[in-house]
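User: Hi! Could you walk me through this structure with me asking as we go?
Analyst: Happy to, let's open it up.

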Amino acid sequence: MTEQAIPASPIEADLETFGALMDKEPQKPPRAQWKDVWDQFRKHKGAMFGGSFLIFITLAVVFGPYLWDLAPTTLDIRNKNWRPIYTLLFDGDATAGWAHPFGTDQLGRDIMAQMIAGGRVSMAVGWLAMGLALVIGTLIGVVAGYFKRMDFWLMRFTDLVLSLPVLPLVLLAVTLFRQPLNAAYGPEGGMFILIVAVIGFTSWMQTARIVRGDILALKEREFILAARSIGTTPIKIIRRHLLPNVVSPIMVSATLGLATAIITESALSFLGVGFPSDYPTWGKLLADAVVRMQEFPERVLLPGIAISLTVLSVNYLGDGLRDALDPRIRGR
Amino acid sequence: MLTFTIRRLVLSIPTLLFISLVIFGLLQLAPGDPMAQVPLTVPPEVKQKMREALGLGEAWYIQYYKWLVQFFWVEPLVFTDWLFGTSFSEGMQRVISWQTRSPVMDIVMQRMPQTLWVVGLAYVVGILIAIPIGIYSAYRHYSLFDQAGTFITMIGFSIPPFFTGPLLIVIFSVYLGWLPSIYDTTHVVTNWATFKIQFMQMIMPVMVLALQTTAQISRYMRGAMLDNLNQDYVRTARAKGLKEATVVMVHVLRNSMIPVVTVIALGMPAIFGGAIITENVFKVNGIGQLLLTALFANDLPMVMTLTFIFAILIVLFNLIADILYGMLDPRIRYD
């Protein structure tokens with residue numbers, strides 16, 4: 001506003017106005033919102049790296065078993081304790097080879113196959129727990145923000161859950177409820193359900209708070225008033241008008257949720273309260289390898305790097321998404 | 001401010017009661033049997049008697065009420081007795097651990113110093129590293145230092161302690177042999193040599209915990225400094241000829257510390273929770289490790305009490321954060 005050029009004479013000013021009126025179309029072609037978001041996102045190198053690594057690792061664990069079809073649980077005691085292929089570079093006598101590129105463990109199980117299988121479990125737990133937390137958080141946030149009567153109680157409830165000590169409670173729930181769920185769904189299925197549920201039910205609070213805040217602000221806007229005045233039902237207002245407008249904070253908290261879910265699952269496996277011992281996950285592989293890390297450091301390093309890189313890429317992805325979805329930063 | 005503090009203190013009582021009820025309910029619903037370790041030759045009637053002796057025969061609300069009385073009334077009395085040598089608590093039943101048959105709080109008090117030393121020191125070290133990094137990367141925004149700092153904090157966020165711990169052990173204990181891999185809690189510091197050993201064994205657990213603190217707090221510090229550096233009062237301070245050091249280190253820093261101090265307060269309980277893993281990696285026998293062993297041994301009173309102590313810490317530090325925020329920032333009015 002302040003930096004508008006002052007026209008030299010009244011005639012010139014008139015001409016300029018006239019010229020502006022002659023424009024039948026906008027000077028720049030219209031741009032879709034999501035294209036803007038994508039353009040901004042592409043500028044963030046870390047986010048691009050993070051996004052592509054996340055896609056790569058997801059594809060690798062989904063399609064890996066078809067390409068590398070050694071079973072992760074096959075024992076091959078004659079070929080135990082192979083080193084990974086890169087040890088041949090500095091130690092010609094090491095037992096290593098292309099049959100087991102990442103080596104084998106003390107029972108001769110192929111580490112590459114175990115990493116793929118473990119990644120499958122870790123990623124599945126991460127995605128599902130994040131999804132559960134998002135659904136609960138969005139539901140509570142929307143209801144608390146839209147319906148005034150529920151707001152006070154739901155937010156007090158959120159505060160209460162926020163002050164629960166999460167890791168001790170998760171440990172508690174997993175150790176105590178392992179047996180009945182194992183009996184009902186089998187040792188792997190029961191544990192899977194339990195861990196997903198426990199992580200999901202303890203990490204929805206931030207999403208709920210953010211969504212509630214945004215809904216409270218959006219509710220007072222004119223377009224909601226317009227929608228209400230033509231008789232749109234609350235359910236439809238929420239679905240058609242409110243939810244699309246809170247997608248961006250939900251997406252950002254989704255990335256955070258995925259990162260915490262993967263770390264929590266690995267921490268549980270590491271502490272020995274996670275999946276049964278013959279069922280590989282990244283945290284489990286790491287925990288099992290710690291006792292032999294003097295001789296075989298790669299068995300600690302490989303799953304550790306896998307966890308760290310995945311979480312790092314998810315965090316970078318969240319960082320980039322936050323920048324790209326924020327209209328105040330976008331376009332600068 | 002005082003009314004606000006009192007109101008929050010009063011409000012925290014139902015919160016704590018609710019949390020204790022949740023934990024208690026979880027333990028009640030759990031199918032674990034504390035008699036599972038008893039030999040099979042013991043007849044069922046005797047087992048039933050043992051169960052009743054542990055107080056398990058009563059209805060759940062009586063058990064809950066008794067725990068509340070023991071935790072909130074008997075244990076504080078025991079504490080005052082210990083402090084002043086009085087005998088208020090004589091003959092009263094304390095919370096007894098099923099593992100060791102000794103009062104839970106005694107064991108907690110034995111374990112507390114180890115946790116406080118390691119965790120507390122890690123937090124202090126983390127803050128001391130984080131604040132200068134945050135200040136400098138905000139002051140030189142988008143510089144090489146800032147980029148590197150952002151990258152390192154991202155790594156600190158992303159690498160879990162159960163990976164950094166073994167990694168440091170492999171590097172510094174196994175390959176280089178500089179530091180001990182296990183934290184020896186029986187070690188007593190009497191002279192310079194023993195102090196050196198104590199120092200060496202604390203380096204790794206403290207660094208693992210401090211990495212996470214540093215990542216989080218330097219991020220907040222940088223953000224808060226960036227918010228303040230472009231404000232009008234900074235330009236005024238420069239315009240009236242103050243030295244750059246005074247502008248940044250006094251005017252901007254003091255205003256930026258307001259949100260950071262609350263974040264520091266809010267992070268305290270989380271670091272106790274996170275210490276469970278670090279204590280497990282370095283075999284520090286603090287309260288995190290105590291919780292784990294109690295969980296595996298089905299020692300319900302111990303688990304209940306410890307989890308509740310964690311909850312008290314969270315509620316307490318939330319309160320402290322709110323009060324600090326109100327005290328430091330005169331623009332915040334709670335009434």
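**Around the core**

Analyst: Let's start with A:Leu286. Leaving out residues up to four places away in sequence, A:Leu286 touches A:Phe270, A:Val300, A:Pro303 and A:Gly304, along with B:Phe162 and B:Phe163. Keep in mind that this is a predicted model.

User: Okay, and which residues of the largest nonpolar core touch the most other members?
Analyst: A:Leu286 is one of them, together with A:Val170, A:Val174, A:Ile195, B:Leu291, B:Val303 and B:Leu306; the core has 127 residues.

User: Which helix gives the largest share of this core?
Analyst: That is helix H5 of chain A, residues 111–146, with 16 residues. Another core, of 14 residues, lies apart from it, and its members include B:Ile217, B:Tyr220, B:Ala224 and B:Val248.

User: Switching to the contact between the chains: how many residues does it take from chain A and from chain B?
Analyst: It takes 34 residues from chain A and 34 residues from chain B. On the chain A side, helices H7 (166–176), H8 (178–185), H13 (247–270) and H15 (297–325) each supply at least two residues.

User: And what is that side of chain A like by class?
Analyst: There are 26 nonpolar and eight polar residues on the side of chain A that touches chain B, and no charged ones.

User: Zooming out, how many helices and strands does chain A have?
Analyst: Chain A has 15 helices and zero strands. Of its 332 residues, 40% count as buried. Looking at contacts in chain A with a separation of 6 or more, 70% are between residues 24 or more positions apart.

User: Now chain B. Is helix H10 mostly covered or mostly uncovered?
Analyst: Helix H10 of chain B, residues 287–296, is mostly covered, with eight of its ten residues buried. Among the buried ones are B:Ile287, B:Leu291 and B:Leu295. After H10(B) comes B:Asn298, which has a positive phi, near 60°.

User: What does B:Val108 contact, leaving aside its neighbours within four places in sequence?
Analyst: B:Val108 is in contact with B:Ile287 and B:Leu306. B:Ile287 is one of the buried residues of H10(B), while B:Val108 has its place in helix H4 of chain B, residues 104–139.

User: How far apart are B:Val108 and B:Leu306?
Analyst: They are 198 residues apart in sequence, and 8.0 Å apart in space from C-alpha to C-alpha.

User: Last one: why does B:Val108 count as buried?
Analyst: B:Val108 counts as buried because it has 20 C-beta neighbours inside 10 Å, and the cut-off for buried is 20 or more.

Key: Residues are numbered from 1 along each chain as its sequence is written. Chains are lettered from A and ligands numbered from 1 in the order in which they are written. This is a predicted model: local features need pLDDT of at least 70, side-chain atom pairs count only at pLDDT 80 or more; totals for chains, interfaces and linings use all residues. A residue is buried if 20 or more other C-beta atoms lie within 10 Å of its own, exposed if 12 or fewer, and partly exposed in between; C-beta atoms are placed from the backbone. Helices (H or I, at least four residues) and strands (E, at least two) are DSSP runs, numbered from the N terminus. Two residues are in contact if their C-beta atoms, placed from the backbone, lie within 7 Å. Ala, Val, Leu, Ile, Met, Phe, Trp, Tyr, Cys and Pro count as nonpolar, Asp, Glu, Lys and Arg as charged, and the others, Gly among them, as polar. A nonpolar core is a set of buried Ala, Val, Leu, Ile, Met, Phe, Trp, Tyr and Cys residues joined through C-beta atoms within 7 Å.
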